[in-house]
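Welcome! Here is a short briefing to read alongside the model.

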Amino acid sequence: MSSLEKPNIKAVFLDIDGTLISFKTNTIPESTHKAIQSLREKGIKVIVATGRSINSLDHIRHITFDGFITFNGSYCITTEGKVMYKTFIDSSDIKNLVQYAEDFPLSYSLMYEDKVEINDATPEVIGMYGHVNLPVPPVHDKENIDTDHVLQANIFLEKEDENTFMEKVMPNSSASRWSPLFADVNHGGTTKSTGIKHFCDYFGIAISETMSFGDGGNDIAMLKFTQIGVAMGNANDDVKEIADYITEDVDNHGIEYALIHFGVL
């Protein structure tokens, strides 16, 4: 770790839920807000990297960022509104998913650039949207589903059933998980690190000059990809296992703590 003690960091990538925002308070700690301002004043790019939709970021809009990696890397956009990258789930996988849910009990949501739809408002679906402080999306018309432009799907199934389901139903897609309730599904091979690469190319920043923060399974690829991957103190165990450093909880100034530890602030 000695080679990482004083890194020349030029870009910091931040997950939202459980990293930027506390699940306990649904707010961004003041220390985190100030840390972001300090980073940008030093000329360091600060970019959001989330599994959320581009349209589910109102609660962080009061903070100025340099870009947004959304839908786990499937939709990347600059603060000025330039779409740098966009990739959809294979249409055949979405058709398979819809058919599977007709034959077996399965809840899912389909996330588009401008909307989110669900197939069934079950208690677990309602609870999940409450957990991330979002309204429950409308139930889609099963006869009129756009299968060509889905950026991400949320599939409500147990972890132990995930691999078999993906192989059988959505073989052209890949799944990641930050909640035991459901998996995020994206175009095969797409992760938050996909977005990081596009932003680094755009800003002329080397991967060796990057740092990332996360707490869930969908952050693992990102934490492995950046020069320094920091797991929040409240992170899942599998995230902590692969991280370069484990900081304090989101509610205990974790982002500021790690930035000071590495001499970035």
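**A residue and its sheet**

A231 has its place in strand 12, where strands (E, at least two residues) and helices (H or I, at least four) are DSSP runs numbered from the N terminus. Please keep in mind that this is a predicted model, in which local features need pLDDT of at least 70, side-chain atom pairs count only at pLDDT 80 or more, and totals for chains, interfaces and linings use all residues. Residues are numbered from 1 along each chain as its sequence is written, and side-chain values use heavy atoms, leaving out hydrogens and water.

**Around A231**

- A231 counts as buried because its relative accessibility is 0%; buried means under 20% relative accessible area, exposed over 50%, and partly exposed in between (1.4 Å probe, protein chains only).
- Beyond its neighbours within four places in sequence, A231 is in contact (heavy atoms within 4.5 Å) with G214, L223, V239, K240, A243, Y245, I246 and T247.

- An open sheet of mixed pairing is built from eight strands, in the order 5-4-3-2-1-11-12-13; two strands pair if DSSP finds at least two bridges between them.
- Strand 5 (83-86) and strand 13 (245-246) each have a single partner strand, so one side of each has no neighbour in the sheet.
- Four bridges join strand 11 (residues 210-214) and strand 12 (residues 228-231) in the parallel sense.
- In this pair, F213 stands opposite V230 of strand 12.

**A helix on the sheet**

- Helix 8 (residues 254-261) packs on the sheet and touches strand 1, strand 11, strand 12 and strand 13.

Key:
Axes are lines fitted to C-alpha atoms, for helices over the stretch in contact, and angles run from 0 to 180 degrees between N-to-C directions.
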